[in-house]
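Please open the model in your viewer and keep the sequence panel beside it. At each stop of this tour you will be told what to select, and then what is there.

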Amino acid sequence: MMEKKCAKLILTNKNIKRVSGIMLEEIEMGLRQKSNKNADIKCYPTYVRNLPNGKEKGKFLALDLGGTNFRVLLIQLGETAPEKEFVSREFPLPDLIRTSSGEALFDHIAECLALFVKEFKVDKEIIPLGFTFSFPCRQEGLTKAKLVQWTKGFTCSEVEGRDVAELLQNAIHKRKDVHIKIMAVLNDTTGTLMSSAYKQPNCKIGLIIGTGTNACYVEKIENMELLDGDSDDSNQCIVNTEWGAFGDNGSLDFIRTDFDRALDSVTSNRGKQLYEKMISGKYLGEIVRRVLVSLAKDGLIFKDSSYKCLLEADKFKTKLISEIEKKPENDFTDCECILEELGLTDFTHEDCAKVRYVCQLVSRRAAFMAAAGVATLINKINEKHVVVAVDGTVYRLHPHFRHLMEQKIKQLIRPGLSFELILSEDGSGRGAALVAAVADRMKREEIYRNLLKKVFL
């Protein structure tokens, strides 16, 4: 009976291949000018067209904004300090700031930036900054990105539809006490890719599976109809897919469950980011909770009434899934401690096994859905070997997520293609600084070329 109730959480190979096929269609729609408006996967150009080549030098700041905290990082690149990370600091973003006005948000960030550069005595220098802004944006240039919509619980007013780099730069200028120049605004997936590409030239995909999920990949310019106003000689550009919105048009309804629909109905972005809601850390624990409550109400688990402690929304955190699954199959010590901390009593080993089973179903489905997306991108890139840089708490902390993804990707990619999943080293931080460094290098090289032209003309 329990297996029957949970059956729709199990994805067949046929369904996973169907997901991959639909995603490819959505990506193609997103890349084309005429169909982009109707595509769930928007495929925004990032205007990042050059990868690090080792000639970057100087001090660079990175600002990583994408959750309940934001981070500032200072690194130095060059022959005398090869990729030396100087310092980083994390600053809280209280609920009051995340739900107030855009002006309050960016003024707060500018204040924290000022505190940071003053603390480390670089406030008198003009320092290039890479701004990782991990929300859906329409990129119109390397330093121009307009927020499409807030996600992850942010609701700051007067930001959607506006250039976030400009809003931050204005907040910095308004202070008149620091000299920070925004050289690039990017998504955390782009930073993840760039951070790994510094050492892995075959890195062509960046993937985040954490609070949210997104992916970027290197696309040929000839396939990108949305890219304009750019005179760079490179024949490639990183595409920010914003694939979290995949399925918003109903294309994933054939695998969504009643649990998914119930969860979606109480979110602040109802009907949106449906692919993300099946994969990311913000939602996986809540899906497990809803399944367990449904089973308990049907008398299939937790025979006493103590299960009512699970009626509270978000009571079962996603990190608990990893803690329960990391133990051997018949070891329920951690599961027992977790259930006691949640307020459950008089549960049995059979109950613990059922909790573990539900966790496995939800995490396995998430890994397979993510794998379908990655396999789609590998097939589209169609190069013999592709390195996929991955970051995010779900991928990092879940004991089996990587293996589950690798297993499924192998089944979905074309014969003759190979891949490697690598854990990115601080993509949203170091990667952002590297994007700023590459932009600075390209600017200096352009100035040098122009000087040469004047000399020889």
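Begin by selecting Thr46, Phe133, Phe135, Cys137, Gln139, Ala145, Val185, Leu186, Asn187, Thr190 and Asn240, which line the second largest cavity. A cavity here is a set of points, on a 1 Å grid over the protein atoms alone, where a 1.4 Å probe fits but cannot get out, and lining residues have an atom within 4 Å of a point. This cavity has a volume of about 50 Å³, where volume means the space filled by probe spheres set on the points, which are joined across faces, edges and corners. Its lining divides into six nonpolar, five polar and no charged residues, with Ala, Val, Leu, Ile, Met, Phe, Trp, Tyr, Cys and Pro counted as nonpolar, Asp, Glu, Lys and Arg as charged, and the others, Gly among them, as polar. At least two lining residues come from each of β6 (137-141) and β8 (180-186); strands are DSSP runs (E, at least two residues) and helices likewise (H or I, at least four), numbered from the N terminus.

This is a predicted model, in which local features need pLDDT of at least 70 and side-chain atom pairs count only at pLDDT 80 or more, while totals for chains, interfaces and linings use all residues. Residues are numbered from 1 along each chain as its sequence is written, and side-chain values use heavy atoms, with hydrogens and water left out.

Next, select β6 together with β7 (residues 144-147), which form a hairpin with two residues between them. The two strands pair in the antiparallel sense over four bridges, where pairing requires that DSSP finds at least two bridges, and Gln139 stands opposite Ala145.

Now move to Thr132, in strand β5 (residues 127-133). Thr132 counts as buried because its relative accessibility is 0%. If you leave aside residues up to four places away in sequence, Thr132 touches Leu63, Asp64, Leu65, Leu186, Asn187, Asp188, Ser428 and Ala432, a contact being heavy atoms within 4.5 Å.

For the next stop, display the six strands that form an open sheet of mixed pairing, in the order β1-β11-β10-β9-β12-β13. At its edges stand β1 (44-45) and β13 (418-423), each with a single partner strand, so one side of each is left without a neighbour in the sheet. β1 pairs with β11 (residues 236-240) in the antiparallel sense over two bridges, and Pro45 stands opposite Val239. Helix α6 (residues 188-197) packs on the sheet, touching β9 (203-209), β10 (213-220), β11, β12 (385-391) and β13. The direction of α6 makes about 135 degrees with that of β9; such angles run from 0 to 180 degrees between N-to-C directions, along lines fitted to C-alpha atoms, for helices over the stretch in contact.

Stay in this sheet and select β10, which is largely enclosed by the rest of the structure, because seven of its eight residues are buried. β9 and β10 form a hairpin with three residues between them, and Ile205 stands opposite Tyr217. Five bridges join β10 to β11, which run antiparallel, and there Glu219 stands opposite Cys237.

Key: On a 1 Å grid over the protein atoms alone, a cavity is a set of points where a 1.4 Å probe fits but cannot get out, and a pocket is an open set with protein on both sides within 12 Å along at least five of seven lines; lining residues have an atom within 4 Å of a point. Buried means under 20% relative accessible area, exposed over 50%, partly exposed in between (1.4 Å probe, protein chains only).
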